[in-house]
Amino acid sequence: METNGPRLTPEQARSALADTEHVRASAAAVSATPWPTWFFVTLTLYIAALPITYGGITAESDWLLPRLAWIGIMLATTAVYGALLSVASRSWRDRTGVALRFDVLPKRVTVPLKVGLPMLLVGSAFAFRLTGRPAWLIAASLIGAAVSVGFHLTFVRLHRKSA
C-alpha cells in the first residue's frame with residue numbers, strides 16, 4: 001500500500017487530533033455566538049407583533065383595522081423580517097465564517113420552542129376570536145417577547161461558557 005507523505009509518530013497524531021478538537025470547539029463557540037443585537041431586537045419585535053396581527057386577521061368582524069389591512073400588515077412585516085434575516089445571516093457568515101444556528105442549543109430547549117411558540121402565537125388569536133378579549137393577544141405578545149429575550153440570553157451564556 002502506497003502512502004502520500006511521511007508517517008506521523010504517535011505524538012504527532014495526538015497533536016493533530018487535539019488541533020482538530022480545538023478547531024471544532026472554536027467553531028462551536030462562534031456558532032453559539034448570539035445573533036447580532038439589531039437582529040435580536042428585530043426578531044423580538046416581530047414575535048411580539050404576530051399575536052396582535054393574527055388577532056386582527058382572525059377577528060369575527062373588523063377589529064381596530066379592516067381585515068385586509070391586517071393581512072397587508074402581516075405580509076409586509078413578514079417580508080421585512082425575511083429580508084432582515086437574510087441580511088443578518090449573510091453579514092454574520094461573512095464576518096465569522098459560520099451561519100447563524102439554533103442547533104447548538106440543547107434539544108430539550110429548542111423542541112418545546114418549535115412546538116410551543118407557534119401554538120402560543122396562533123392559539124392566542126383563536127382564543128381572542130372565541131372570547132373577544134384582547135388580553136389573550138397581549139399576553140401572547142409579552143410571552144413571545146420574553147421567550148425571544150430568553151433565547152438570546154441563552155446564546156450569550158453558551159457563548160461565554162464555550163469561549
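Trp-63 and Trp-70 are both buried (under 20% relative accessible area with a 1.4 Å probe, protein chains only; exposed is over 50%, partly exposed in between). The model is predicted: local features need pLDDT of at least 70, side-chain atom pairs count only at pLDDT 80 or more, and totals for chains, interfaces and linings use all residues. Residues are numbered from 1 along each chain as its sequence is written, and side-chain values use heavy atoms, with hydrogens and water left out.

A pair of aromatic rings is described by the distance of the centres and the angle of the planes. The structure holds 5 aromatic pairs (rings of Phe, Tyr and Trp, the last by its six-membered ring, with centres within 6.5 Å; planes under 30 degrees apart are stacked, over 60 edge-to-face, the rest tilted). One of them joins Tyr-46 and Tyr-81, stacked at 4.4 Å centre to centre with 0 degrees between the planes. Because Tyr-46 lies in helix H2 (residues 37–58) and Tyr-81 in helix H3 (residues 67–96), this pair ties together parts that are 35 residues apart in sequence; helices are DSSP runs of H or I, at least four residues, numbered from the N terminus. Tyr-46 and Tyr-81 are both buried. For Trp-63 and Trp-70, the ring centres are 5.8 Å apart and the planes at 15 degrees, so that pair is stacked. Ring pairs also link Tyr-46 and Tyr-81 with Trp-38 and Phe-39 in a cluster.

Leu-64 lies in the loop between H2 and H3 and counts as exposed because its relative accessibility is 69%. Together with Leu-65 and Ile-73, Leu-64 makes a nonpolar surface patch of about 270 Å².

Conventions
Helices (H or I, at least four residues) and strands (E, at least two) are DSSP runs, numbered from the N terminus. Patches are made of residues with over 30% relative accessible area and no salt bridge: like charges are joined within 9 Å, nonpolar side chains (Val, Leu, Ile, Met, Phe, Trp, Tyr) within 5 Å. Accessible areas come from the Shrake-Rupley method with a 1.4 Å probe; for residues, only the protein chains shown count as cover. A salt bridge is a side-chain nitrogen of Lys or Arg within 4 Å of a carboxyl oxygen of Asp or Glu.
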